[in-house]
Amino acid sequence: LAIFRNHKLKCDVGYMQVNYNSNGLRFKVPVSHLFKPKTNVRIAAHILKENMQGVRNPWRAVGRYHSWSASMGKEYAWKVRGYYEELKRREKEERAR
């Protein structure tokens, strides 16, 4: 689950894969609290909201959730968008039944 480098915990935790080293510490949340779904999603939403600042394209903010590297962020955003589109398609099919 966790890797320690230079005495720092390096891991992504919970449903929203919140990076403990960059965000858990910043929000002053013990790693054990990030396993609580409500806390994990609340922090993830806050991170995404921050990423939306000054960005016209919301998918860029999604990419920044993963990485501020443009290429890595773009790849991640495309994956998330693919899942999002698939969920929308399934919901539409369910409603049609």
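Which helix holds Lys 74? Lys 74 lies in helix H4. The model shown here is predicted. Lys 74 is exposed, because its relative accessible area is 55% and exposed means over 50%. Its C-alpha atom is separated by 8.6 Å from that of Val 62, a residue 12 places away along the chain.

Now take the chain as a whole. Its secondary structure comes to 4 helices and 4 strands. Read from the N terminus, the elements run β-β-β-β-α-α-α-α. The chain has 97 residues, and buried residues make up 25% of them. Consider the contacts between residues at least 6 apart in sequence. Of these, 19% join residues at least 24 apart.

Start with the loops. Two residues there deserve a look for their backbone angles. Most residues other than glycine have a negative phi. Gln 17 is not a glycine, yet its phi is positive, at about 50°. Gln 17 sits in the loop between strand S3 (12–13) and strand S4 (18–19). With a relative accessible area of 43%, Gln 17 is partly exposed. Lys 28 also is not a glycine, and its phi is positive at about 55°. The loop that holds Lys 28 runs between helix H1 (20–24) and H2. Lys 28 counts as exposed, at 72% relative accessibility.

Next come the helix pairs. Two packed helices are described by the angle between their axes and the distance between the axes. Take H2 and H3 to begin with. Helix H2 covers residues 37–52 and helix H3 covers residues 58–66. They pack at an angle of about 125°, with their axes 8 Å apart. H2 and H3 are therefore oblique to each other. Their crossing is right-handed. On the H2 side, the meeting residues are Ala 44, Ile 47, Leu 48, Asn 51 and Met 52. On the H3 side they are Pro 58, Ala 61, Val 62, Arg 64 and Tyr 65. By class, the residues of this contact divide into 8 nonpolar, 1 polar and 1 charged.

Glu 50 is also found in helix H2. At 31% relative accessibility, Glu 50 counts as partly exposed. Glu 50 and Tyr 65 are 15 residues apart in sequence, and their C-alpha atoms are 9.5 Å apart in space.

Move on to H3 and H4. Helix H4 spans residues 70–96. The axes of H3 and H4 come within 7 Å and cross at roughly 115°. H3 and H4 are therefore roughly perpendicular to each other. This crossing, too, is right-handed. H3 brings Trp 59, Val 62, Gly 63, Tyr 65 and His 66 to the contact. H4 brings Met 72, Gly 73, Tyr 76, Ala 77, Val 80, Arg 81 and Tyr 84. The contact of H3 with H4 has 8 nonpolar, 3 polar and 1 charged residues.

One residue links several of these views. Tyr 65 is in the contact of H2 with H3, and Tyr 65 is in the contact of H3 with H4. Leaving aside residues up to four places away in sequence, Tyr 65 touches Met 16, Gln 17, Val 18, Ala 44, Ile 47, Leu 48, Asn 51 and Tyr 76.

Finally, look at the core. Which residues make up the largest nonpolar core? There are 10 in all: Cys 11, Val 13, Val 18, Tyr 20, Val 29, Leu 34, Ile 43, Ala 44, Ile 47 and Tyr 65. H2 gives the most to this core, with 3 residues.

Technical notes. Residues are numbered from 1 along each chain as its sequence is written. This is a predicted model: local features need pLDDT of at least 70, side-chain atom pairs count only at pLDDT 80 or more; totals for chains, interfaces and linings use all residues. Side-chain values use heavy atoms; hydrogens and water are left out. Axes are lines fitted to C-alpha atoms, for helices over the stretch in contact, and angles run from 0 to 180 degrees between N-to-C directions. Helices (H or I, at least four residues) and strands (E, at least two) are DSSP runs, numbered from the N terminus. Angles under 35 degrees count as roughly parallel, over 145 as roughly antiparallel, 65 to 115 as roughly perpendicular and the rest as oblique. A crossing is left-handed if the near helix is turned anticlockwise from the far one by less than a right angle, and right-handed if clockwise. Contact means heavy atoms within 4.5 Å. Ala, Val, Leu, Ile, Met, Phe, Trp, Tyr, Cys and Pro count as nonpolar, Asp, Glu, Lys and Arg as charged, and the others, Gly among them, as polar. Buried means under 20% relative accessible area, exposed over 50%, partly exposed in between (1.4 Å probe, protein chains only). A nonpolar core is a set of buried Ala, Val, Leu, Ile, Met, Phe, Trp, Tyr and Cys residues joined through side-chain atoms within 4.5 Å.
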